[in-house]
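Subject: Structure for your files

Hello,

Please find the structure below, together with its sequence. My notes on it follow.

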Amino acid sequence: MQSGNDQTERWEQCLIQGVQNIGVGIVLGLLASTLIFKRKRWAFLIGAGYGIGMAVAGCDYELNQKVILPPCKKKK
């Protein structure tokens with residue numbers, strides 16, 4: 001069972017990572033739309049969708065599947 005502090009820390013990390021991924025996806029979509037595809041909307045939507053998908057996958061890993069391993073012991 002996880003402690004409340006650990007779960008709160010994971011949610012905070014999830015939200016921070018989600019905002020970053022969505023922002024990067026939108027920016028890359030806007031750049032591709034403006035510079036390469038002559039202001040086509042689909043390039044922006046693909047970038048935004050990619051950012052949202054990465055945010056969801058990162059949050060799923062952070063909240064459900066992340067296993068905290070104990071530190072390795074050094075051999076003498």
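**The disulfide**

The torsion about the S-S bond of Cys-14 and Cys-59 is about 115°, so the disulfide is right-handed. The sulfur atoms of Cys-14 and Cys-59 lie 1.8 Å apart, and a disulfide here is a pair of cysteine sulfur atoms within 2.5 Å. The pair links distant parts of the chain, with Cys-14 in helix H1 (residues 4-36) and Cys-59 in helix H2, 45 residues apart. A search of the whole structure turns up 1 disulfide. Cys-14 counts as buried because its relative accessibility is 2%, and Cys-59 counts as buried at 17%. Buried means under 20% relative accessible area, exposed over 50%, and partly exposed in between (1.4 Å probe, protein chains only).

**Basis of the values**

This is a predicted model, in which local features need pLDDT of at least 70 and side-chain atom pairs count only at pLDDT 80 or more, while totals for chains, interfaces and linings use all residues. Residues are numbered from 1 along each chain as its sequence is written, and side-chain values use heavy atoms, with hydrogens and water left out.

**The chain as a whole**

The protein chain has 2 helices and 0 strands; helices (H or I, at least four residues) and strands (E, at least two) are DSSP runs, numbered from the N terminus. Of its 76 residues, 21% count as buried. The accessible surface of the chain comes to about 6,500 Å², and 65% of that belongs to carbon and sulfur atoms. Accessible areas come from the Shrake-Rupley method with a 1.4 Å probe, and for residues only the protein chains shown count as cover. Among contacts with a separation of 6 or more, 56% are between residues 24 or more positions apart, where contact means heavy atoms within 4.5 Å.

The unreviewed UniProt entry annotates residues 15-37 as "transmembrane region". UniProt positions are given in the numbering used here, feature names are shortened, and annotations may be inferred rather than shown by experiment. In the model, that span is 96% helix and 0% strand, and its end C-alpha atoms lie 31 Å apart.

Gln-13 is in helix H1 and is partly exposed, at 41% relative accessibility. Its C-alpha atom is 9.4 Å from that of Leu-63, 50 residues apart along the chain.

Gly-49 belongs to helix H2 (residues 41-65) and is partly exposed at 40% relative accessibility.

Gly-29, in helix H1, is buried, with a relative accessible area of 2%. Leaving aside residues up to four places away in sequence, Gly-29 touches Ala-43, Phe-44 and Gly-47. The C-alpha atoms of Gly-29 and Trp-42, 13 residues apart along the chain, are 8.6 Å from each other.

**The nonpolar patch**

Trp-42, found in helix H2, is partly exposed, with a relative accessible area of 44%. Trp-42 is also one of the residues of a nonpolar surface patch of about 910 Å², made with Val-24, Val-27, Leu-28, Leu-31, Leu-35, Ile-36, Phe-37 and Ile-46. H1 gives the most to this patch, with 6 residues, and H1 and H2 each supply at least two. Patches are made of residues with over 30% relative accessible area and no salt bridge; like charges are joined within 9 Å, and nonpolar side chains (Val, Leu, Ile, Met, Phe, Trp, Tyr) within 5 Å. A salt bridge is a side-chain nitrogen of Lys or Arg within 4 Å of a carboxyl oxygen of Asp or Glu.

Regards
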